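Please find below a colleague's note on the structure under review. It is set out as numbered points.

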Amino acid sequence: MNQDIPMLHTPIKDLIIASTKVAHVQLGNSLEHALLVLMKSGYSAIPVLDHQYRLHGTISTNQIINKTLGLERFEFEQMSVHTVDEVMDTKIPRLKDTDRFMKALELCINHPFVCIEDDQQIFAGIVTRKSILALAYRHFRNLPHTSA
Ligand code: AMP
């Protein structure tokens with residue numbers, strides 16, 4: 001039945017935002033640096049890579065702010081003491097560009113973006129929920145109208 005729906009044959013490659021265009025931080029970066037990158041990029045979460053461009057996790061504004069939560073105030077000075085390695089989320093979904101579109105569709109239910117890596121675990125880019133929704137919209141818009 002899936003064979004009848006062309007959208008489901010979309011190569012993941014066609015949906016990728018290339019790594020060169022993805023804001024990221026590196027292992028060892030301070031939380032202060034990470035928050036700066038997040039705020040300047042306008043994204044709420046971004047990938048964490050090592051010097052070889054291997055993917056280790058993602059870090060969000062929420063995780064950084066939570067780390068600075070003291071008993072009575074935000075201890076913002078903690079941001080230069082701690083590093084992204086301590087607070088990043090390492091249990092993230094991953095895709096390869098050879099994976100099936102259905103896998104990307106399923107992962108994007110619970111994740112606004114999913115990271116793509118190659119066979120050597122080198123980060124290749126991301127697929128966003130937005131690009132998948134846009135594709136689905138184009139697909140449904142072009143379907144012939146049927147009377148209900
Ligand atoms: P969007 O669907 O464009 O709103 O993106 C969803 C999420 O994907 C954003 O909140 C970011 O966490 C991530 N994202 C999208 N584009 C980029 C990018 N160029 N660099 C870093 N993260 C991105």
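1. Basis. The model is predicted: local features need pLDDT of at least 70, side-chain atom pairs count only at pLDDT 80 or more, and totals for chains, interfaces and linings use all residues. Residues are numbered from 1 along each chain as its sequence is written, and side-chain values use heavy atoms, with hydrogens and water left out.

2. Composition. The protein chain has five helices and seven strands, where helices (H or I, at least four residues) and strands (E, at least two) are DSSP runs numbered from the N terminus. Read from the N terminus, the order of elements is β-β-α-β-β-α-α-β-α-β-β-α.

3. Extent and surface. Along the principal axes, the C-alpha atoms of the protein chain fill a box of roughly 60 × 40 × 25 Å. The accessible surface comes to about 9500 Å² (Shrake-Rupley method, 1.4 Å probe), and 55% of this surface belongs to carbon and sulfur atoms. Of the 148 residues, 34% count as buried; buried means under 20% relative accessible area, exposed over 50%, and partly exposed in between (1.4 Å probe, protein chains only).

4. Contact order. Taking contacts (heavy atoms within 4.5 Å) between residues at least 6 apart in sequence, 55% join residues at least 24 apart.

5. Helices α4 and α5. The axes of α4 (residues 101-110) and α5 (residues 129-141) come within 9 Å and cross at roughly 120°. Axes are lines fitted to C-alpha atoms, for helices over the stretch in contact, and angles run from 0 to 180 degrees between N-to-C directions. The two helices are therefore oblique to each other, since angles under 35 degrees count as roughly parallel, over 145 as roughly antiparallel, 65 to 115 as roughly perpendicular and the rest as oblique.

6. Their interface. On the α4 side, Phe-101, Ala-104, Leu-105, Cys-108, Ile-109 and Asn-110 meet Arg-129, Ile-132 and Leu-135 of α5. These contact residues divide into seven nonpolar, one polar and one charged (Ala, Val, Leu, Ile, Met, Phe, Trp, Tyr, Cys and Pro count as nonpolar, Asp, Glu, Lys and Arg as charged, and the others, Gly among them, as polar).

7. His-139. This residue is placed in helix α5. His-139 is buried, at a relative accessible area of 18%. Beyond residues up to four places away in sequence, His-139 touches Ile-5, Pro-6 and Met-7.

8. Thr-83. The loop between α2 (61-67) and α3 (84-87) holds Thr-83, which counts as partly exposed at 21% relative accessibility. Leaving aside neighbours within four places in sequence, Thr-83 is in contact with Gly-28, Asn-29, Ser-30 and Leu-31.
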